[in-house]
Amino acid sequence: MHPITIIEILFALGFVLMLLGLTFLLPMKKRNYAIKIIVVVIITELAFFALRPLWIDYHRDIKTEQLTEYLEKRYPSEEFKISYRTSRNYNPYHLEVRFNNEPGWSYSYSVTDKGIKQVSVGVPDTQLPDEGLHYEDLGD
């Protein structure tokens, strides 16, 4: 499990424990109501941590299809492979593309509602970024 995920879970647990501690300061009649609210918060947090990876995978699949269509239109005779980084340090919707005719080169694309944009270029050590066949100007 990634350290960021552990920190998120610890914060969620701390929030629940803080709420639980505050309920003991309430009168008995309101305490039962507060405990029901805490149970709802716990269920919500569990659902969030269980469903978030599925949500990201679902949207990543849709964005991969959109990028595939875009690249097939833009580079009709090229063969390419789309992958993504799995670490939590990276945006899960930045997709990495490697073209078969450019070994060592990788192009990162961001697929959003506003469109598809090339956001970075990974180059071999012996070449400059603007020498790639699929290099797009990354300036805004």
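Helices here are DSSP runs of at least four residues, numbered from the N terminus. All the views below come from a predicted model.

**View 1. Glu8 and Arg52 form a salt bridge between two helices.** The N to O distance for this pair is 2.7 Å. Glu8 comes from helix α1 (residues 3-23) and Arg52 from helix α2, so the contact ties together parts that lie 44 residues apart in sequence. Glu8 is partly exposed, with a relative accessible area of 23%, and Arg52 is partly exposed too, at 21%.

**View 2. Glu96 pairs with Arg98 in a salt bridge.** Their side chains meet at 3.2 Å, N to O. Glu96 is buried, its relative accessible area being 12%, whereas Arg98 is partly exposed, at 37%. With this pair included, the model's count of salt bridges comes to three.

**View 3. Acidic side chains make up a negative surface patch.** Its members are Asp61, Glu65, Glu69 and Glu72. One of them, Asp61, is found in helix α2, which covers residues 28-74. Asp61 has a relative accessible area of 48% and counts as partly exposed, because that class runs between 20% and 50%.

Notes: Residues numbered from 1 in each chain as written. Predicted model: local features only at pLDDT ≥ 70, side-chain atom pairs only at ≥ 80, totals over all residues. Heavy atoms only, no water. Patch = residues over 30% accessible without salt bridge, like charges linked within 9 Å, V, L, I, M, F, W, Y side chains within 5 Å. Areas by Shrake-Rupley, 256 points an atom, 1.4 Å probe, with all protein chains shown as cover. Salt bridge = Lys/Arg side-chain N within 4 Å of Asp/Glu carboxyl O. Lys, Arg positive; Asp, Glu negative; His and termini not counted. Charge placed at Lys NZ, Arg CZ, Asp CG, Glu CD. Buried < 20%, exposed > 50% of the residue type's maximum accessible area, 1.4 Å probe, protein only.
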